[in-house]
Amino acid sequence: MNRRKLLSLLGMSPVLLTGNPAQAGQTKHAAAPAADPGAVKITTVNPKGTPPSIQLIPMAPRLDSLDGKTVYLVDTGFHGSDALLHQVELWFNRNMPSVTLVFKRKAGPYAQDDPPLWKEIKEKGNAVIMATGH
Amino acid sequence: MGIPSVPLVTKAFKDLAILNAGKRGMPLERICFTPHPVWGKTPEELRVYVDGPDPITGKPLMKEVVDGLTVPLSADEKKTGIVSVSVGPPTFTDTAENLQEFYLNNGYTDFLPIVLPTQEKVDAMLKGSSHHPDEVIGKMAAGAYPPWTYTVRQVAASAVMAGCRPEYFPILLAIASTGIASLFSSTNSFAFSMIINGPIRDKLEFNYGIGALGPFAQANATIGRAWTIMSKNLGNGGIPGDTYLGSVGNNLNYNNVVIAENEEASPWDPFHVQRGFKKEENVVSLFRGLGVVPGQVARGSSVNTSPMFDAQLSDLFSTFTGFFGALVIADPLVAVRLKEQGYDTKEKLIDWLYKNTTQTVKDYKGRNYSYLFEYPQALQGVEPFATWYKLPDDAVIPHFPRASSFNVVVTGGQTNAYPQAANMSYGVSVSIDKWM
């Protein structure tokens, strides 16, 4: 499924693609089959809970280029993430040697936040590549 | 953070990654994908991944990564604002046959036939509690997603769908109030369980005799089923690839191992009393883990005339992951025999099991959950993991991190002295009476 279809499940993509966040109330519900006009109809309750609204976050400005920049390679701790990022590191060494690479394993289990690392990256880094293996 | 970033995700989690980014406000996040899996691959194989294409787009992976960090943002990528998400109208009107299809096709069910939640049936269910139908009673998150909220009425709709009677409703409200979903987004195919204690067991005719964990009573069957239907509807759980990722899945998710404790035949304090409630209170306690295995398969002197159930249980638990807890599900015959062997409280049995269920450090370090969850904590100095990771490989350590990892419940019909054992952790105990 492509990104447009996936996001339509959230009621999002029409908004983002047409630029009208105020009218984002989309439903993902498939229509029920057409009813026999003579059949008895009943009314049932929608069992779904209430999803939170989504605050759109603008993405960070991109860099002009990576030349001479510092890129943090962040390992989430999933199996194989470190090994994958090591290959990414080697790729940069071969293909973009002017890039300074800093390898970091995010603190704690994979779902735990790591504010000190984000602070360090903001102070010392220009970009992040984060790998979540599996 | 304000720093350009690109996440690398394996292709198996494409939908999850895109939807998660969208739900968190960055629907066009520049996610790059590698082949799946990464785990267990050699450096040479991973180099092929890195030098090769993104399997989703077909474009060179590292060019995508570099472009993701350097190509200027589009107008859509800079957008701000609030997006509201609808789940449809509050009611649906159609024929019963069409509505059955509609609920099934929209993922509202567990794919078994449901009782349609008509206004009348939902109203009847609401009479099972004094709480206002529009009261918002909790938040439930499908994995790492932002949580959904829900009302008493929305819980009632799922309760009706599962076939519950109105008098069961306070139990479902108590469960819903915890915000704990019985479907979890992990790839690990988790199982869930609940223990019911108090006089409500008899009032609602729970089965805690012969076949206590089987399909032999409406309360056990439908309340367990309702938890999963609630998890799908109240928290939007159970959507494969999105909010559910269990690779093999877990059959226990259909009913969630409902355990009404056989308090009358047990020689020990009931579970809820251990948790500080009074015996006459009605309480539901929730567990999460991986599953249940029968004690008949255990080693531990079971061939003689005096079976050593402590050793049998320890043998079973030694095959479990210590990351989750160990729940003893003892037939009353087992519990009585254990008491005769000197375990006059559950706590004494737990203490023995904790001290005698052991492993070597080498085995511990080789376990999946140790690496994924406990090694990172060891690096942060969290005990006992920090100490365990410093010990030599041949050192012997407890299999579970603490005695409180163990719990004991008694249920069953005393047709044979068989225990069962669940690799499940205790979560929380909540009052049912509060929701009457």
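Modeller: Before we look at the sheet, a ground rule: two strands pair if DSSP finds at least two bridges between them. Helices (H or I, at least four residues) and strands (E, at least two) are DSSP runs, numbered from the N terminus. This is a predicted model, where local features need pLDDT of at least 70, side-chain atom pairs count only at pLDDT 80 or more, and totals for chains, interfaces and linings use all residues. Residues are numbered from 1 along each chain as its sequence is written, while chains are lettered from A and ligands numbered from 1 in the order in which they are written.

Colleague: Okay, which strands form the open sheet, and in what order?

Modeller: Strands of a sheet pair through backbone hydrogen bonds, either parallel or antiparallel. Here five strands line up as β4(A)-β3(A)-β5(A)-β1(B)-β2(B), with parallel pairing, in an open sheet. At the edges sit β4 (100-105) of chain A and β2 (32-34) of chain B, each pairing on one side only.

Colleague: Where do β5(A) and β1(B) come in, and over how many bridges do they pair?

Modeller: β5(A) pairs with β1 (residues 5-10) of chain B in the parallel sense over five bridges. Val128(A) stands opposite Ser5(B) there. β5(A) also pairs in the parallel sense with β3 (residues 70-75) of chain A, over five bridges, and Leu73(A) faces Ile129(A) in β5(A).

Colleague: How many residues does each chain bring to the contact?

Modeller: Two residues are in contact if their C-beta atoms, placed from the backbone, lie within 7 Å. Chain A gives 74 residues and chain B gives 93. Among the elements of chain A giving two or more residues to that side are α3 (81-95) and β5 (127-132).

Colleague: And how do I read two packed helices, say α7(B) and α9(B)?

Modeller: Two packed helices are described by the angle between their axes and the distance between the axes. Axes are lines fitted to C-alpha atoms, for helices over the stretch in contact, and angles run from 0 to 180 degrees between N-to-C directions. α7 (residues 169-178) and α9 (residues 218-234) of chain B come within 11 Å and cross at roughly 45°. So α7(B) and α9(B) are oblique to each other (angles under 35 degrees count as roughly parallel, over 145 as roughly antiparallel, 65 to 115 as roughly perpendicular and the rest as oblique).

Colleague: Which residues of α7(B) and α9(B) make that contact?

Modeller: Ile171(B), Leu172(B), Ile175(B) and Ala176(B) come from α7(B), while Ile223(B), Ala226(B), Trp227(B), Met230(B) and Leu234(B) come from α9(B).
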